[in-house]
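Subject: Structure handover

Hi,

Here is the structure we talked about. Please open it first, then read the notes below.

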Amino acid sequence: MTEKTTPAAAATPAAFSSRPLRVAIVGAGPAGVYAADILTKAERDFEVAIDLFDRYPAPYGLIRYGVAPDHPRIKGIVKALHKVLDRGDIRFFGNVDYGTDLDLEELRVHYDAVIFATGAINDADLNIPGIELQGSHGAADFVSWFDGHPDVPRTWPLEATQVAVIGNGNVALDVARMLSKHAEDLLVTEIPENVYRGLAESPVTDVHVFGRRGPAQVKFTPLELRELSHSRDVDIVLYPEDFEFDAASDALIKSNNQVKTMVSTLTNWLIEQEEREERGEAGGRASRRLHLHFLHSPVEIAGADGKVDGIRFERQELDGTGQARGTGELVDYPVQAVYRAVGYFGSALQDVEYDGRTGTIPNDGGKVLDGSGTQVPGLYATGWIKRGPVGLIGHTKGDAAETIAHLLADLAGLPVAANPAPDAVTGLLDSKGVEYTSWEGWLALDAHEQALGAAAAPAPTREGPVPRERVKVVERAQMVAVSRTADEAARSRA
Ligand SMILES: Cc1cc2nc3c(=O)[nH]c(=O)nc-3n(C[C@H](O)[C@H](O)[C@H](O)COP(=O)(O)OP(=O)(O)OC[C@H]3O[C@@H](n4cnc5c(N)ncnc54)[C@H](O)[C@@H]3O)c2cc1C
């Protein structure tokens, strides 16, 4: 993890020479955990005490509730975050919602600084006619369902045989892959039982992914794109007329290795497809197809009886600068479900300024600003709520380093907490009847989920049956019960 490279704090104010600097971090996703880690390791001549709050009973934010279950390598990043929280110098309080269970005034009483790392969980809007029809979904809602988010319904309507996914980023690929994969091929992952059962009954045959620009302008990453070809019994289908490259595309392919790799992956797939067609092998190879369309801009979702029954696009062409412009040609696709994967969006937080255009907290390098653009003493932001919902987990580390550097530079001006005793905040939560969970509680829930995996029937794979690593607990009440039972047992032993 992070080495001791963060800039040293400015001269230590008197308050923090006699007691630790107390910092609350709201949000235990990667940004919050990295911020805690960087602060504890920063060069300083005073102690710090960090409490990390999350509205979920479990830590890790979108790694648990965003990253697709068939991405075990990425899910594995939690091992590094686990090490940070397992050291014992950072307290974790799960099942605590800022704005409901604790407000800013209360945090101010107990902490000298508050860092918001609340990320994003909602879908960005796509304003086209028909978006409200039954069968039109936000990708984030579907992701929350398949990742076993505690606060979304347990069932998902998977009745469509043909599906459109709008968007050309990794989330669009996750959604398309999860919709098109055969459910039994996901059993090896941590998917909850209700998700497996839902996907197993899906009658889907064709998933169409639509991007507005050309193959050189996609926002995928190479690994995620290549992964599409690994799904069993799912053919990738491409359309030669979509392979348009303007001068800007050519320049990008030459200058950017990532774009070059993706364009060559897509072009090779197209060549292989054309060769198969020449040999008369096209069609009927797989029971499901994943179509990748480019240069399509959504115009309208069509419906009958309030339900999606098609989608209309305007074909686009590249304008020489890599931008797309409409050609006036309209194309219709018969689909019974539409997923918009056009971005996530951060939510407003109580008593903190919010920029509704970007879904972020207005900030200057992580220093929270008020409505007039003036820094609010003692308040900071990091991760997606600071920068907007783009970028990989690793990028939140840089965010956190910048935010913590500013916090340390501001040390002398922090509003000193009136009641910094470590027990004061637990007393407050207890007095409010908040059923918070702890790190020990998470360890118990983590072990419980792994035990459920070990007890489940092994997953069928090409290499034979494989024991399941984990089965996720979905119900919030059950997550809290498992965590708190372990906590209470530990308290009564102490
Ligand atoms: C579908 C999807 C797939 C992705 N796949 C990958 C991938 O494969 N590889 C990769 O590197 N990156 C991936 N990412 C990106 C990665 O998830 C983000 O970069 C990262 O999670 C952002 O971290 P964060 O801590 O800012 O936000 P989050 O991970 O969203 O964490 C925020 C935390 O704050 C908590 N919170 C929010 N509001 C409150 C409140 N009021 N009170 C208390 N707690 C609160 C939330 O519960 C959450 O735990 C993916 C993202 C999505 C959406």
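Start with Tyr60. At 4% relative accessibility, Tyr60 counts as buried (buried means under 20% relative accessible area, exposed over 50%, partly exposed in between, with a 1.4 Å probe and protein chains only). Its phi is near 95 degrees, a positive value in a residue other than glycine. Tyr60 sits in the loop between strand E2 (48-53) and helix H3. Helices (H or I, at least four residues) and strands (E, at least two) are DSSP runs, numbered from the N terminus.

Two notes on the source. This is a predicted model, where local features need pLDDT of at least 70, side-chain atom pairs count only at pLDDT 80 or more, and totals for chains, interfaces and linings use all residues. Residues are numbered from 1 along each chain as its sequence is written, and side-chain values use heavy atoms, with hydrogens and water left out.

Asn95 also has a positive phi, about 65 degrees, and is not a glycine. Asn95 lies in the loop between strand E3 (90-93) and helix H6 (104-110). With 12% relative accessibility, Asn95 is counted as buried. For background, most residues other than glycine have a negative phi.

Now the ligand. There are 32 residues around it, and Ala31, Asp54, Leu62, Tyr98 and Trp384 come nearest (near means a heavy atom of the residue within 4 Å). That shell divides into 18 nonpolar, ten polar and four charged residues. Nonpolar here is Ala, Val, Leu, Ile, Met, Phe, Trp, Tyr, Cys and Pro; charged is Asp, Glu, Lys and Arg; the others, Gly among them, are polar. Helices H2 (30-41), H3 (61-65) and H8 (170-180) each supply at least two shell residues.

Which polar contacts (pairs of N or O atoms within 3.5 Å) does the ligand make? Among them, a ligand oxygen is 2.9 Å from a polar backbone atom of Ala31. A ligand oxygen is also 3.4 Å from a polar backbone atom of Pro30. A polar side-chain atom of Asp97 lies 3.1 Å from a ligand nitrogen. The protein covers 95% of the 1000 Å² of accessible area that the ligand has on its own (Shrake-Rupley method, 1.4 Å probe).

Last, the cores. A nonpolar core is a set of buried Ala, Val, Leu, Ile, Met, Phe, Trp, Tyr and Cys residues joined through side-chain atoms within 4.5 Å. The largest has 50 residues, and Phe142, Val165, Leu292 and Tyr339 have the most contacts inside it. Apart from that core lies another, of 47 residues, including Leu21 and Leu414.

Best wishes

How values were computed. A polar contact is a pair of N or O atoms within 3.5 Å; within protein, one must be able to donate a hydrogen and the other to accept it, and residues adjacent in sequence count only if both atoms are side-chain atoms.
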